[in-house]
Amino acid sequence: SSKKDGLFVNNSDKMVCKISITTTVDGEETQATRTGSLRISFSEILLSYGEENGEVTLSIQNDRAEITRSGDYSMFLPLHRERRTQGKIGVLGSEGGVEIDTKRLAYSTTDTSLMLSMHYDLIFGSDVQKMQIRLLARS
C-alpha cells in the first residue's frame, strides 16, 4: 500500500521488537522477556520469537489467532474467539490432539507495538488446563 495523506501506512516490514509475556497456567503466573520480530499489516499481525529450545510464531487475523511452536516440543493452537477448535501438541516425536476453548482474544496495535490478551482452556480428554497470556511487543 502507498502513503496518501498519511491515511495508509505500509508497515509490512518486519521490525525487531522486545516482547514481555505473562503466562498464567491454572493460576500459576510466569513472566518472560524475549526479542523477536513483529510485522503489522492490514490483513495480519505476525509475531515470532525464539525460546530456549524452540521457535514460536503467533499470527492474528480479526477474531482468530494461531500459535505455532517448533523445537523440543511442537504445538499448533488455532484460537477462534468464543469457539472450540482442534489443535496438536507433539513431544518426542509423538503427536496428540488437544481441544482449545477460546474465552478471550483481544488485542490492539500501533505502528510499532502489539498488546494482546488471550484466555483459553486446553482440553486433554477430561483434563482442562486454564491458560491466560498477556503479551506486549514493542519495537
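Predicted model: local features only at pLDDT ≥ 70, side-chain atom pairs only at ≥ 80, totals over all residues.
Local features need pLDDT of at least 70 and side-chain atom pairs count only at pLDDT 80 or more, while totals for chains, interfaces and linings use all residues. Residues are numbered from 1 along each chain as its sequence is written, and side-chain values use heavy atoms, with hydrogens and water left out.

Across the whole structure there are 8 salt bridges, each defined as a side-chain nitrogen of Lys or Arg within 4 Å of a carboxyl oxygen of Asp or Glu. One of them joins Glu-51 to Arg-69, with the closest N and O atoms 3.0 Å apart; this pair links strand S3 (residues 45-51) with strand S5 (residues 64-71), its members being 18 residues apart, where strands are DSSP runs of E of at least two residues, numbered from the N terminus. Arg-69 is buried at a relative accessible area of 5%, whereas Glu-51 is partly exposed at 27% (buried means under 20%, exposed over 50%, partly exposed in between, with a 1.4 Å probe and protein chains only). The charged end of Arg-69 also sits over the ring of Tyr-73, 3.8 Å from its centre, the criterion being CZ of Arg or NZ of Lys within 6 Å of the ring centre and within 35 degrees of the ring normal.

A further salt bridge is formed by Lys-130 and Asp-121 (3.2 Å, N to O), in which Asp-121 is buried at 8% relative accessibility and Lys-130 is partly exposed at 48%. Through shared partners, salt bridges join Arg-84, Glu-99, Asp-101, Lys-103, Asp-121 and Lys-130 into one network.

Methods:
Helix = DSSP H or I, 4+ residues; strand = E, 2+ residues; numbered from the N terminus.
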